[in-house]
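Hello,

Here is the structure I promised to pass on to you. Please have a look at it first, and then read my notes below.

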Amino acid sequence: MINKMYLDPKTLEKIRPEFKPEKEFPSVVLFQFLETTEYAKIRKEILGLDYAQQWVLLSHSYSCAELSPGLKIFFKGNEFLNFLSQIVHRHVKSMELQAYAFGRKDYTILTDQIVEEPGIDIIFDVTGEWDERAKGLIIYKDSKENFISLPIQGNMLAIVERKKGVSRYVQYVNHYAQTKKRQVVMGRMRSSPQKSL
Amino acid sequence: MTLLQEWISPQYLQLKKIEKFRSAFLGHTPFPYLELKGFFRKQKIMKVLPALRKEMFIRKEADLFQFSQTQDLVSTKSKILQKFRSFLSSPELVTYLSNLTNTNLKAKEIDMSGTLYQDTDFLLCHDDRLEGRKIAYFVYLSTLDRKDGGRLLLYDQLEKVAASIIPTFNTFAFFAVSAKSLHVVEEMVRPKQRLAISGWFHDQ
C-alpha cells in the first residue's frame, strides 16, 4: 500500500536524518505516499466519512469524523506503524487520528486555554484541487515566531515533531475556497523510545 | 471656536443629543457600543485620508488575523496625522468621550494606528482585553457595502452575531472593552480597501 519507493532502505536512510531531534522543527513531507490505486480507495473512504461541524468561536471551526474500521486497519496497522517507527527513531505503538474537513470560514486559533503537549503529529492530506489563494495551510510556530507550513497536496504524508513551545494551527480558509474543502487525517503518535530497528 | 467645535460636526455637540448618545451607548447589546456617522467635520477628515494613505503599512499574518497596519501613529511624520492624534488624545475629546461612555479615560495616552483590509483579510474573534484598555475606537475612512465583507461583528455570550457595523467614511465607532466584547472583522470578499484608524483609550 505504501509507495514502494519509501520502503526502500536507501530512501529511508535519506529520510531519517530529517527527523533528528536537534532540528528546530523535525519534520518530513512525503509526496505520493501511497500507491496510486490504494490512495484512490483510501481517499474515497475518507471523503465518505460522517463529518460533524465543530465550532467554538474563540478556538476553532471545522468538521471532523472518526475513522472507519477500514481506515483504522491501515492507519493503525503494522505496516504503517513500523514505517513511522523507522522514520521517527522511536517505537510507534499507536495513533490517535481523526479526519478533518476545513471549508470556507473554517480555522483554528491558538489559545492559552488549550495547550497541546509536545509530541509527534502526522497529517495525511487527501485534498483535491485547491486554489492556493484560499489559504488553509497547516502552520507550526514556535514562541520566537519561527514557523513551517505544510504544502497542500493530496496523497502527502507529513510527520512533524512538536517540541515544547511549538503550536499548530490551520489558517482561516477564505472565499477563494468556494465550496471546496481541505481534507486531512490528522493526529498524534503514541510512542516509546526505540531500542533498535 | 473650541477644539471640539473645530473638529466635530455640530450635531454631535448638542447637549440633548449627547445625553441620548450616552443612553444609547450604555443600553446597546451585546455590550456597550456606539456608531457616530459623519462625526468629524468634513474639511478635517478629508485631509486625514490622503495623509494616512502615505503611511507605510506592514503586512500582519497570524492565526487570528491577516491585514496591514501602520506603526503606532505617535511616530508619524505627517503633520496632519499628528494634529489628528493630538485632537483624539486631547483632554477636550477625552472628557467628551468619558462622558458619553460613563468612564474615566486618560488624556494624552492613546494607541492609534492605521489599518488596511483588502481582499481575503480578516480578524477572528477576540475581546481586545489588555491592561489599561477601556474603550476601543475606529475611525472609518472607507465606505463599504455589506456584500464587500469587512463588517465589524459584535458577538453575544451565546457566540451569535448580535450587532454589526458596516464601515462608512467618517464614522467614529467605539465599544467598551471587557470580557464580553467579543468581536470580529469579517473577511473582505471583494477587491476593495477597508481603511481605518483605530486603537484604544485607556482608563485613569
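Leu49(A) is partly exposed, because 19 other C-beta atoms lie within 10 Å and a residue counts as buried at 20 or more. You will find Leu49(A) in the loop between helix H3 (36–47) and strand E2 (52–56) of chain A. Leaving aside its neighbours within four places in sequence, Leu49(A) touches Ala65(A), Ser68(A) and Ala99(A). Glu66(A) is 17 residues away from Leu49(A) along the chain, yet the C-alpha atoms of the two are separated by 7.6 Å.

Before going further, please keep in mind that this is a predicted model. Its scores are ipTM 0.94 and pTM 0.94. For chain B the average pLDDT is 97, and 100% of the residues score at least 70.

Staying with chain A for a moment, have a look at helix H5 (residues 78–88), where Gln86(A), Ile87(A) and Val88(A) are buried. His89(A) follows H5(A) and has a positive phi, near 60°.

Now to where the chains meet. Chain A brings 12 residues to the contact and chain B brings 11 residues. On the side of chain A that touches chain B, the classes are 8 nonpolar, 3 polar and 1 charged residues.

How do H2(B) and H5(B) lie to each other? The axes of helix H2 (residues 15–27) and helix H5 (residues 91–101) of chain B cross at roughly 55° and come within 7 Å. The two helices are therefore oblique to each other. From H2(B), the residues that take part are Ile18(B), Phe21(B), Arg22(B) and Phe25(B), and they meet Asn99(B), Leu100(B) and Thr101(B) of H5(B). Sorted by class, the residues of this contact are 4 nonpolar, 2 polar and 1 charged.

Which of its residues are buried? They are Leu93(B), Val94(B), Leu97(B), Ser98(B), Leu100(B) and Thr101(B). Looking down the axis of H5(B), you would see these buried residues within an arc of 160°, so they line one face of the helix. Leu100(B) and Thr101(B), both buried, are also among the residues that meet H2(B). Just after H5(B) comes Asn102(B), with a positive phi of about 55°.

I hope this helps you find your way around.

Best wishes

Technical notes:
Residues are numbered from 1 along each chain as its sequence is written. Chains are lettered from A and ligands numbered from 1 in the order in which they are written. This is a predicted model: local features need pLDDT of at least 70, side-chain atom pairs count only at pLDDT 80 or more; totals for chains, interfaces and linings use all residues. pLDDT is the predictor's confidence in each residue, from 0 to 100. Two residues are in contact if their C-beta atoms, placed from the backbone, lie within 7 Å. Ala, Val, Leu, Ile, Met, Phe, Trp, Tyr, Cys and Pro count as nonpolar, Asp, Glu, Lys and Arg as charged, and the others, Gly among them, as polar. Axes are lines fitted to C-alpha atoms, for helices over the stretch in contact, and angles run from 0 to 180 degrees between N-to-C directions. Helices (H or I, at least four residues) and strands (E, at least two) are DSSP runs, numbered from the N terminus. Angles under 35 degrees count as roughly parallel, over 145 as roughly antiparallel, 65 to 115 as roughly perpendicular and the rest as oblique. A residue is buried if 20 or more other C-beta atoms lie within 10 Å of its own, exposed if 12 or fewer, and partly exposed in between; C-beta atoms are placed from the backbone. The arc is that of the directions from the helix axis to the C-beta atoms.
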